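Welcome, and please take a moment to look over the structure before reading on. The report below then walks through it part by part.

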Amino acid sequence: MDLELLIAFGAATVRVATPLALAALGEAISERGGVLNLGIEGSMLAGALGAAIGAIAGGPWAGVALGMAAGMSAAMVLALAAVVGRADQIISGTAVTLGAIGLTGMIAQQAFGTAGAGLAVPTLAPVGVPLLEQVPVLGPIVFRQSPLTYLTVALVPVVAWLLFRTRFGLELRAAGEAPLGAAAAGVRVRMVRSLGVLAGGALAGIGGASLVLAQVGTFTERMTAGRGFIAIAIVVLGRWHPVGALLAALLFGAATALQFLFQASGITVVPYQVLLALPYLLALAVLATAVGRARAPAALARNE
Amino acid sequence: MHALLGENGAGKTTLMRIAYGLEIPDRGEIEVGSESRTASRERLASPREARALGIGMVHQHFTSIPAFTVAENVALAAGWRETGRRAMSRAREVIDRLGLPLDPGAVTRDLSVQLRQRLEIVQALAAEARVLLLDEPTAVLAPPEVAELVNVIRRFAAQGGAVVLITHKLREVALVADRVTVLRDGRVALTGSVGAFDPRALSAAMIGDDPALAETRRVSDTAEHEPRISIAPADQEPIVLRAGEIVGVAAVEGNGQRELLRAIAGVDSSPPGLSLTVSGSVAFIPEDRTTEALIGEFTLVENQALGHLDRLPRWLDWGAIARDADAVIRDHDVRTTGSAVAAATLSGGNQQKFVLGRALGRDPEIVIAENPTRGLDIRATGAVHGRLREAAGRGACVLVHSSDLDEVIALADRLLVMHAGVLQELPRVASRSAIGDAMLGLSREPR
């Protein structure tokens, strides 16, 4: 394999991993609070549509902002139903995702017409980090990426700090481990859980936005194609820790980027469709083997 | 018909579970049957064997499966091989034989509570039971439904069946039973024909009367001390609890004491009809160490932080919190390998010492404790009592509830009794039987 191909593969891995990592960071926050957010796929899709509309109206950064807001509004529905209203988390999350699929499809048709595929959205061009991008191999892979990738990497310590160094993080984790104990200690369990879900929705929304603004450059119906669900697998693989989530997202990114690599090098031993399915198979494998000693928050998917 | 009486934790349910093969006794012997067929052995291997010997049990909670039909539930409980239509007709036979009208095709979920209770009895008797064990079967029933249940039991007894009824309602004993046994701390405190005892004798036997313990009370005069908590039931004189006193709350589980304590601790809102005034900083020691007081998977340091959430800055200084946790571990003799271990790795006694130390660490003006020594051995219990007395000695107002009346009496300077949500103060020198009567609502003055 020549170096150029390796660099292309590495860069694709990082690019593809970005939306996954953002969504997984969001899901990790939500799950640490005890809410299994199956609506994360819906938040990503809403974020993608919001990003497309925002970017066309006011440029790519407006797209990021609108995408984040759209992701949060989808999460708001889940927070109201599953946390405030104490409905079943699995059902509410599924409903949010299915609702988002329908709603984004409808809005997209209204906004963009049926042309769809031809839609061009202003994108966030890759930005090189001065000096670092000159580093051989690593430079072009890591330091010539979209600003949203840098944002993602910066968010990892921020989320870790939020979870482990702040009173809010302590309250959130307590609500996710032992809602009764948290309540006895004076934690407003539903409030912190709701905030966790909203924060998660915001990050998933940015994740969806990055898909449109830094990867695909257009919006199509159902374009997230299960990335939200893969983010849930990533959280398990990353053991509910932001750093773990980033690394696991890179692994899934690599599994996806593999198809680019195979196509580019003209290898046809494995059918193209199998490679497309690779990340999903990997997700299944992760969830089935439950990854060693990883332990979910004790009250995950349980209402108080 | 035999009634089995006792306080919570006296061992009633355990005894019946042994008789039904669900629990293994440490020692003793079980004898089943009459002259014709006697099986005597040290234990029953399983409920299956108990059923084969003609023992049926109705548990405290419903065991029928809501999604199943009545016939399916009966077939499951009786271990029939038949399914579908044949189970249906066999269930109908059983129902007719027992004279307990039920539609075998009805889905259990759709039945009323009364009918579900009836189904539980049919399940217990389906395998031709001769002995029926009933564990608080009336807990979920309203009075007319209780009467119906009593009729069913009487009919079973009249047909030659033997019944053991677990209850802590004295009224039911007089209503139903021929004989009565009172358990206390796993021992028989009294047994005989129901007619031979009045309710007071039964309540005294349930609660025990040991005058020696009363002398361990601490005498102190706190009448002039600063008021800390005032509990005012609607249109009544408020009960005022003051600094420096230990106030014990005696009550049978489920009489509103939990709600009251939690309302004073600021964890729950006030129960209706009581107005509370709380002045001072409050430390709350919830009764369940593993689900409420501590989060098992969190380290002691994290638990230390959770214990003082209201005083925590927005950005945490884990170093300072760890020093606090270490101080608690040192001052309260908590046996642990350090403060960075998960709370679940500590023994119950050491967990409780940590919980108490954490709560008392900042000299709270009010201490609220629910069953602070549940599950602890004598040494740990003594340590906890010592700490609570110390806190009162430093001027805290300590409010303690324990299901163990001995503990309440041993600790308290003043004694409150709660029955059915109504609080009354008893004189410090009240006899144990007077306290017992008040706990069971026998001596409540008419209001």
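## A helix tucked inside chain B

Which residues are buried in H3(B)? Keep in mind as you look that this is a predicted model. The buried residues of H3(B) are B:Val70, B:Ala71, B:Asn73, B:Val74, B:Ala75, B:Ala77 and B:Ala78. Helix H3 of chain B spans residues 70-78, and because 7 of its 9 residues are buried, the rest of the structure largely encloses it.

What covers the buried residues of H3(B)? The cover includes helix H2 (47-52), helix H4 (84-98) and helix H5 (113-125) of chain B. Just after H3(B) comes B:Gly79, which takes a positive phi of about 70°.

## Chain A at a glance

Now turn to chain A, which has 12 helices and 2 strands. Read from the N terminus, its elements follow the order α-α-α-α-β-α-β-α-α-α-α-α-α-α. Chain A has 304 residues, and 54% of them are buried.

Contacts in chain A reach across the sequence: among those between residues at least 6 apart, 76% join residues at least 24 apart.

In soluble globular proteins, nonpolar side chains tend to be buried together. Here the largest nonpolar core holds 54 residues, and the members that touch the most others are A:Val212, A:Leu213, A:Phe219, A:Ile234 and A:Phe252. Several helices of chain A give two or more residues to this core, among them helix H1 (3-32), helix H2 (40-58), helix H9 (189-216) and helix H11 (242-264). Another core lies apart from it, with 35 residues that include B:Ala75, B:Val94, B:Ala129 and B:Leu149.

Leaving aside neighbours within four places in sequence, A:Phe252 is in contact with A:Leu20, A:Ile230, A:Ala233, A:Ile234, A:Leu237, A:Pro279, A:Leu282, A:Ala283 and A:Val286.

## A nonpolar patch on the surface

Nonpolar residues are also found on the outside. A:Ile53, A:Leu66, A:Leu103, A:Met106 and A:Ile107 form a surface patch with about 400 Å² of accessible area together. Helix H4 of chain A (residues 89-112) gives the most to this patch, with 3 residues.

A:Leu103 lies in that helix, H4 of chain A.

## Where the two chains meet

The area buried between chain A and chain B is about 1,700 Å², and carbon and sulfur atoms give 66% of it. A:Arg167, A:Leu170 and A:Ala184 supply 36% of the area that chain A buries against chain B, more than any other three residues.

The interface of chain A and chain B has 1 salt bridge. In this bridge the side chains of A:Arg173 and B:Glu302 meet, at 2.6 Å from N to O. The pair joins two chains, because B:Glu302 lies in helix H11 (residues 300-307) of chain B and A:Arg173 in helix H7 (residues 167-177) of chain A. B:Glu302 counts as buried because its relative accessibility is 14%, and A:Arg173 counts as buried because its value is 4%.

## Salt bridges within chain B

Over all chains, the structure holds 19 salt bridges. One of them links B:Glu245 with B:Arg414, whose closest N and O atoms are 2.6 Å apart. B:Glu245 sits in the loop between strand S10 (239-242) and strand S11 (246-250) of chain B, and B:Arg414 in strand S16 (residues 414-419), so the pair ties together parts 169 residues apart in sequence. Both B:Glu245 and B:Arg414 are buried.

B:Arg262 and B:Glu292 form another salt bridge, with their closest N and O atoms 2.6 Å apart. Both of these residues, B:Arg262 and B:Glu292, are buried. They also belong to a network of salt bridges that links B:Arg258, B:Arg262, B:Glu287, B:Glu292 and B:Glu370.

How values were computed: Residues numbered from 1 in each chain as written. Chains lettered and ligands numbered in written order. Predicted model: local features only at pLDDT ≥ 70, side-chain atom pairs only at ≥ 80, totals over all residues. Heavy atoms only, no water. Patch = residues over 30% accessible without salt bridge, like charges linked within 9 Å, V, L, I, M, F, W, Y side chains within 5 Å. Areas by Shrake-Rupley, 256 points an atom, 1.4 Å probe, with all protein chains shown as cover. Salt bridge = Lys/Arg side-chain N within 4 Å of Asp/Glu carboxyl O. Helix = DSSP H or I, 4+ residues; strand = E, 2+ residues; numbered from the N terminus. Core = buried A, V, L, I, M, F, W, Y, C linked by side-chain atoms within 4.5 Å. Buried < 20%, exposed > 50% of the residue type's maximum accessible area, 1.4 Å probe, protein only. Contact = heavy atoms within 4.5 Å. Buried area = accessible area lost by both parts, 1.4 Å probe.
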